[in-house]
Amino acid sequence: MSITKITRWMTLGFAASAAIAFSTQVVASSHGIDLKGKTVEWVIPFSESGGSAKWAHFYAPLLSEALPGSPTVVVKFMPGAGSTKGANWFQKRKYKDGTTIFGSSGSTQFPYLLGDPRVKYEYGDWNVVMASGTGGVAYLPPDLAKKFDGDADDLKGIDFIYGSQGATRLDLVPLLAWEMLGLTVEPVFGIKGRGDGRLMFERGEANIDYQTSSSYLKGVAPLVKEGKAVPMMSWGSLGADGDIVRDPTFPDMPTFKEVCEATAGCETKGEQWDAWKAFFIAGFPAQKMVFLPNGAPAEAIATYTKAFQAVHARPDFAKISAVRLGKYPQMTGDMATATLKSGTNVPAEAKTFVLNWLKERYGVTLK
Amino acid sequence: MDLLGTALPALAEAFSLILQPQQLTFLVLGVLLGLSVGVFPGLGGIAGLSLVLPFVYGMEPVSGLALMVGLVAVIPTSDTFASVLMGIPGSSASQATVLDGFPLAKKGEAARALSAAFASSLFGGLLGAFFLTFFILIARPIVLAFGLPEMLMITILGLSMVAILAGRLPLKGVAAACMGLLVGTIGEADAGGSLRMSSYSIPYLTDGLQLVIVGMGIFAIPEIISLLRQDRAISRDATLGAGWLKGVSDWWDNIWLSIRCSLIGVIVGVIPGLGGSVVDWIAYGHTVQTTGDKSGFGSGEIRGVIGPESSNNAKEGGGLVPTLIFGIPGSGSMAIFLGGLALLGYDAGPQLITNDLDITYTVVWSLALANVVGAGLCILLSPGIARLTTIRFTMLAPFLFMMITFAAFQSRQSLGDLVALFAVGLLGIFLRRFDWSRPAFLIGFVLSTQAENFSFQAYQIAMSKFRRGADVGLEYIFSPIVIILLIITVVSIIVGIRQAKSIMSEGEVPVGGKRAPLIFLLIVTVYFVVSYFDAAAITMQTDRIFPMTIAFVATVSCLLLLIRMSRAPNTDVIFADREAAGEDAEAPQGLWRTLAWFAILLILSSLVGFILALAIFFVVFLRIRAGRTWSRTLLLAAGGIALICIMAGSLNRDFPPGLLQTFVELPWPLGGI
């Protein structure tokens, strides 16, 4: 009896909320594929709490408005095996009607680049329709920051503690950077997200940390204002000629490249630098991408490309995205394809170097 | 600081924001959705919030917040239905409710248990909201005072509850808890990524087992199978005894207990990183310790329901503190809540409290109102829903199999989920049969990851502090909070061991022959030994110490148990075996034949997909096992499948695909993902 009552409520409730949402939407008509009345599933191979979730939740409603037929866009989470599970699932998808899209992240690319045995996916098979870059900022507690004057020479010999999610993750980039600067950083592994790392820093348990741009703006910038943290450097941004330039979101901060050049013993050429740069590109400027599955026809790719372009062309896009994502290139079309290429191709030497470094420094092997 | 001067105007402002017809409508809508989702085991705040998230964007902020908070706030209220009526832990926060809630249902007092639970939930929720109001202004330094040593101590306090729930033989409880801890380490280690008791060729295992599956396997499957074998209603004489008024007055009689457990809920909820899964156990342990006559626990003591239920709703209020002021979600549903908050144009963090205190307080008001509406509705519904316990169980069983299979599949959306559910269920059946404490196992499992990570991280940081100076290190490890927690833990272990003998957390178990208990003990010992050597083979120091230590302790406990077995007569409690005498032994249906029904559903699912398998299973089961007429059978089967389709459809969930689906592409709901 009562169970059926509940079901009825649920159906009613759902219908009501759907009606409210639909009443605010505009009916659109366009060329390419029409998604009217359909539900687009945006699969994210992570859990609900990560950065990819934030990114997808930011885009999903905007994309829904911009796609022809204003389909409902739902974000579906498929976490597991460090995102390789979701990516392997997507690899097996064949294009059907354009209602499945996939959002990959740096953490999906790293296992691919490092030759993780669980990887059964091939980026070359997929069709990229949008790519989002991001940046990162390293920061220090105020007492240690006094010893930092644009070079890391005076920070040598300090015991640094860093809350890390694991050496084979995106944390590879900061860990390698600090090591190149000659800092002794002991990573405390096993934390669940960068937010926990920040909390460790705030509690005084960690004394060095980094956050991606959006998390830095939200979580660390207030600490900086209160005098509880001082930015050290940004990872930088990728310039037009492939060089590392200052991050447009943080134009006043030196980049790691500048700090490295000023620090004795740190080289901005050679295999160590090349390896760092290759993984930096995969992890930051080419961090998040949206794909249509293998076999998607040109008109579907065009429809999604156009929709993302329309989102980026919104008059308020710069404003709303600056807070949520930071000021980074949001790329479509050829630019996105080029990003995909630079983010998923790492020179063999860089790969070998990183694999050796992981093994010698942290005892991590991928087999 | 002028606390009241800051809080009161903002509170009043928030009150006028929320008390608008439109906002209240959304709040009630959220509550209704939350109740409907929460009733199904395995589906909780995450599923519910994901459902409304696409619609939140563009909504008026207060309405959106009311909708989301309404939904989240009532999940720990409505998940009580499954815990009490079916013995299925509705979510991680109501595991302890099963221990006494389900026995009450079996006694025919389901309505009483439910209404006591809802009254406690309501009270806990309100108290949580009340504390949230003031706490949120001063919480930052307090939350920051909880470093890794403090969190480790809370985890250990949670583990110390094993002492109370261990059962008649403390050693067996230790072994059961170690088994839970070890099962919790299966898969990739968090620290270094080494594989433990798993391999990349079985990708499913590398992520470890999910709590939903372990909870249902350990608690629900053994009970469902046992009831099905006895072929009667859940309530022993198929009647409803004490009614819902009795439950409410039970709660009132234990109001102080309810207050204390609510406080426990708020405090544990405030600490980020602990999650909700330890709250109910700590509350249950506290309840047992502070009850004069402990003989009723495990066989239907109403205080055992009031304690955990007061704490788990209060936890939601506490959990909003780190979520709102640090932007760090304490749970999966809080993470989505943060996402929804961002869609409404607000970012969690200190600036939310300073700049938008009125908006923050609408969250508090929504929380309080949602608790009132939700608990009120549940109390009204409970006499009706409690009638389920008077239905012949054979009629309910296929629906329960359907629900737990579907819920298990949601955890990883893989056929491995079904295999894992069956395997853990089998383990649960044996733990129950030989009287190994299932609560101890579950506590171990739930706290395994935290215990390992916190101890390593705290150790690493302490070492670095000691390098700076012995005083810095000691100050870090032995903070006042750690010392207080340490004292509580020691006291609770001593009290626990003293009292454990009088607490039958799962009722009286008869003793019988020596052979079966001995074989089970030997198998368990082999598992421990294999785990030990598996862990010893890991090269990374950080990833091997924890499982090696636990496996070692467990093996020693087992050896001591073996020694006792070799000396004791076969009337000793160590030879507890439910198949030797009593209810299970006299059941009209055999264990394996009953279990085979469940296996059939799973095997069929792997062949033809879930919905087709369900159709076949329903018809065959209801016709042959339950002996219904053809018309009844078809009607019930159609109803069951329609129910699951409506639910999965509205939540945008998929069903397990089978072999058939890899060859033929079928439309939803028949097709796969």
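Analyst: Helices (H or I, at least four residues) and strands (E, at least two) are DSSP runs, numbered from the N terminus. This is a predicted model: local features need pLDDT of at least 70, side-chain atom pairs count only at pLDDT 80 or more, and totals for chains, interfaces and linings use all residues. Residues are numbered from 1 along each chain as written, chains are lettered from A and ligands numbered from 1 in written order, and side-chain values use heavy atoms, without hydrogens or water.

User: Where is B:P76 placed?

Analyst: B:P76 lies in helix α4 (residues 61–78) of chain B.

User: Why does B:P76 count as buried?

Analyst: Its relative accessibility is 3%. Buried means under 20% relative accessible area, exposed over 50%, partly exposed in between (1.4 Å probe, protein chains only). So B:P76 is buried.

User: Which residues does B:P76 touch, leaving out those up to four places away in sequence?

Analyst: They are B:S121, B:E309, B:N312, B:N313 and B:E316. A contact means heavy atoms within 4.5 Å. B:S121 sits 45 residues from B:P76 along the chain, with 7.8 Å between their C-alpha atoms.

User: Why are α2(B) and α19(B) called oblique?

Analyst: The axes of α2 (residues 21–38) and α19 (residues 357–386) of chain B cross at roughly 55° and come within 10 Å. Axes are lines fitted to C-alpha atoms, for helices over the stretch in contact, and angles run from 0 to 180 degrees between N-to-C directions. Under 35 degrees is roughly parallel, over 145 roughly antiparallel, 65 to 115 roughly perpendicular, the rest oblique. Therefore α2(B) and α19(B) are oblique to each other. Their crossing is right-handed.

User: What makes the contact of α2(B) with α19(B)?

Analyst: α2(B) brings B:L24, B:L27, B:V31, B:L32 and B:L35. Among the α19(B) residues are B:L369, B:V373 and B:L377. The contact residues divide into 10 nonpolar, 2 polar and no charged.

User: Why do β8 and β9 of chain A stand at the edges of their sheet?

Analyst: In chain A, 3 strands form an open sheet in the order β8-β5-β9, with antiparallel pairing. Each of β8 (209–212) and β9 (230–234) of chain A has a single partner strand, so one side of each lacks a neighbour in the sheet. Neighbouring strands are turned by 35° against each other on average, direction ignored.

User: How many bridges join β5 to β8(A)?

Analyst: There are 4, to β5 (residues 136–140) of chain A. Pairing needs at least two bridges found by DSSP. One partner of A:V137 is known in β8(A): A:Q211.

User: Which strands does helix α6 of chain A touch?

Analyst: α6 (residues 172–180) of chain A packs on the sheet, touching β5, β8 and β9 of chain A. Its direction makes about 140° with that of β8(A).

Technical notes:
A crossing is left-handed if the near helix is turned anticlockwise from the far one by less than a right angle, and right-handed if clockwise. Ala, Val, Leu, Ile, Met, Phe, Trp, Tyr, Cys and Pro count as nonpolar, Asp, Glu, Lys and Arg as charged, and the others, Gly among them, as polar.
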